[in-house]
Amino acid sequence: MAGGAGNGSNEAVQAKGSGGDSSAAKPLPPCCVKARAAAPESEAKCHATVVSGWFTEPRSHCGKASKVQYYNNPMWPGEAHSLKVENILYQGKSPYQEVLVFESSTYGKVLVLDGIVQLTDKDECAYQEMITHLPLCSIPSPKKVLVIGGGDGGVLREISRHSSVESIDICEIDQLVIDICKEFFPHLSVGFEDPRVQLHVGDAVEFLRNAPEGTYDAIIVDSSDPIGPAQELVEKPFFETIARALRPGGVLCNQAESMWLHTHLIQDMLSICRETFKGSVRYAWASVPTYPSELVAALVHLPVIGYFRL
């Protein structure tokens, strides 16, 4: 009986070993995947932000020899969002930024600028609709609209739904963003096909300085995060040029980050807008899963109209 038990044990061990060999092709458990991702030099990479088939927003290394990586984007330190990459569709660089487009497994195509997710097929509508329809529905019959940034065309697409609008100016600094979005995101860039649209490729600050006083009924600032060159888009001189370009009773809507991560920035922007504009300034937000903290917000400067409340 003892011998029989021994033979049975040997058979069990052999069966277990055989099963172990066959399981080698099975997916690694999450803990192993995480460990492999921590050593990117051992993995084939097709882009600096893609490791083991996953895109993750920028990381910094603690020395060349170290495998430790710290997620330290200045806009959301200590956090990072990852998406599984099916295929990289485009990578290139303009005079202003690095541009990446990839197909994700859950959100469709993704546009990334300087390592930061800008939009995805699946959730872009939440942001575009909020930043467009809030201001345009807050005043009666807007006719002349200016978009700052917005090179993907999504805001233009939404503005085109407003029949009262007669002309739409857009000032985008990066021609490459426009071209890439026309190729990979035609459902957004369709906005450029509206005959009311006039495209200006260049610096928005300079464009606003040269705009005649009281030109626009609405100005929508669809800018990138306020770091580097975009920093001046959240400072008082920029808002003063916007106030000059708006007609009396005009409205401004400005991308305003996340209330969970950027409280001080939002407070500063609120203070500047309340000093600069007559009327009220309100904070609105929408849920966008691929943005930090899964939401993005807008500041809406509202003219003095007694019957309107946000």
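This dialogue goes through several features of a predicted model.

Visitor: What does the protein contain in terms of helices and strands, and how many residues are buried?

Guide: The predicted model has nine helices and 15 strands. Of its 310 residues, 47% are buried. The accessible surface is about 15,500 Å², with 55% of that belonging to carbon and sulfur atoms.

Visitor: What share of the contacts with a separation of 6 or more joins residues 24 or more positions apart?

Guide: That share is 64%.

Visitor: Which residues of H3 are buried?

Guide: As a general idea, an α-helix has 3.6 residues a turn, so residues three or four places apart point the same way. In H3 the buried residues are Glu124, Tyr127, Gln128, Met130, Ile131, Thr132, Pro135 and Leu136.

Visitor: Where does UniProt place the feature "active site"?

Guide: The record, an unreviewed entry, puts that feature at Asp222. Such an annotation may be inferred rather than shown by experiment. In the model, aspartate 222 belongs to strand S12, residues 216-222.

Visitor: Is aspartate 222 buried or exposed?

Guide: Its relative accessibility is 10%, so aspartate 222 counts as buried; the cut-off for buried is under 20%.

Visitor: What surrounds aspartate 222, beyond its neighbours within four places in sequence?

Guide: Its contacts are Tyr127, Gln128, Ile131, Ile148, Gly149, Gly150, Asp152 and Val155. Among them, Tyr127, Gln128 and Ile131 are also listed as buried residues of H3. The side chain of tyrosine 127 makes a polar contact of 2.5 Å with that of aspartate 222.

Visitor: How many salt bridges are found in the whole structure?

Guide: The search finds nine. One of them joins the side chains of lysine 109 and aspartate 121, at 3.4 Å from N to O. Lysine 109 is in strand S7 (residues 109-113), and aspartate 121 is in the loop between strand S8 (116-120) and H3, so this pair ties together parts twelve residues apart in sequence. Lysine 109 is buried at 18% relative accessibility, whereas aspartate 121 is partly exposed at 24%.

Visitor: Which residues are linked in a network of salt bridges?

Guide: The network links Glu124, Arg157, Glu158 and Arg161. Within it, the closest N and O atoms of glutamate 158 and arginine 161 are 2.9 Å apart. Glutamate 158 is buried, with a relative accessibility of 1%, and arginine 161 is exposed, with a relative accessible area of 55%. Glu124 is one of the buried residues of H3.

Visitor: Where is serine 141 found, and what is its phi?

Guide: Serine 141 is in the loop between H3 and strand S9 (144-149). Its phi is near 50°, a positive value. With a relative accessible area of 46%, serine 141 is partly exposed.

Technical notes. Residues are numbered from 1 along each chain as its sequence is written. This is a predicted model: local features need pLDDT of at least 70, side-chain atom pairs count only at pLDDT 80 or more; totals for chains, interfaces and linings use all residues. Side-chain values use heavy atoms; hydrogens and water are left out. Buried means under 20% relative accessible area, exposed over 50%, partly exposed in between (1.4 Å probe, protein chains only). Helices (H or I, at least four residues) and strands (E, at least two) are DSSP runs, numbered from the N terminus. Contact means heavy atoms within 4.5 Å. A polar contact is a pair of N or O atoms within 3.5 Å; within protein, one must be able to donate a hydrogen and the other to accept it, and residues adjacent in sequence count only if both atoms are side-chain atoms. Accessible areas come from the Shrake-Rupley method with a 1.4 Å probe; for residues, only the protein chains shown count as cover. A salt bridge is a side-chain nitrogen of Lys or Arg within 4 Å of a carboxyl oxygen of Asp or Glu.
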